[in-house]
Amino acid sequence: MGVPGGVPGGLEGRRAPHDYLPIAVLTTLCCFWPTGVVAIVKAVQVRTAVARGDIVSAEIASREARNFSFISLAVGIAAIVLCTILTVVIIIAAQHHDNDWEP
């Protein structure tokens, strides 16, 4: 027997949570792929849970997809900053090292 209103558990007023799939794909491709892949899996779990009508599981997976996407973004940004600093230090060290070898 169906639930009045067609939404299981009386969740008529609740909206489906955001799945964060676009940011998960973007951070996978551009930032840090290991956590980005996990974010994509969680984003797909959101869609599956919403299709089942399981809003609570969808909200949990949504938070996890968001968190893993932001972790991937943070690691990617940190890696870019670290590589930039290391490149500048190496260039400066190479310039000073060249001056020491003058005859």
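Predicted model: local features only at pLDDT ≥ 70, side-chain atom pairs only at ≥ 80, totals over all residues.
I'm calling a residue buried under 20% relative accessible area, exposed over 50%, and partly exposed in between, with a 1.4 Å probe and protein chains only.

Numbering runs from 1 along each chain as its sequence is written, and side-chain values use heavy atoms, with hydrogens and water left out.

Salt bridges. I looked for a side-chain nitrogen of Lys or Arg within 4 Å of a carboxyl oxygen of Asp or Glu. I got 3 of them in the structure.

Entry one. I found arginine 47 bridged to aspartate 19, with the closest N and O atoms 2.4 Å apart. Arginine 47 sits in helix H2 (residues 33-52) and aspartate 19 in the segment before helix H1 (21-30), so this pair ties together parts 28 residues apart in sequence. Helices here are DSSP runs of H or I, at least four residues, numbered from the N terminus. Arginine 47 is partly exposed at 49%, while aspartate 19 is buried at 12%.

Entry two. Next I checked glutamate 64 and lysine 42, whose closest N and O atoms are 2.9 Å apart. Glutamate 64 is in helix H3 (residues 55-100) and lysine 42 in helix H2, so parts 22 residues apart in sequence get tied together. I have glutamate 64 as partly exposed at 28% and lysine 42 as buried at 18%.

Arginine 52 and aspartate 54 meet at 3.4 Å, N to O. Arginine 52 is exposed at 54%; aspartate 54 comes out partly exposed at 27%.

Definitions and conventions
Helix = DSSP H or I, 4+ residues; strand = E, 2+ residues; numbered from the N terminus.
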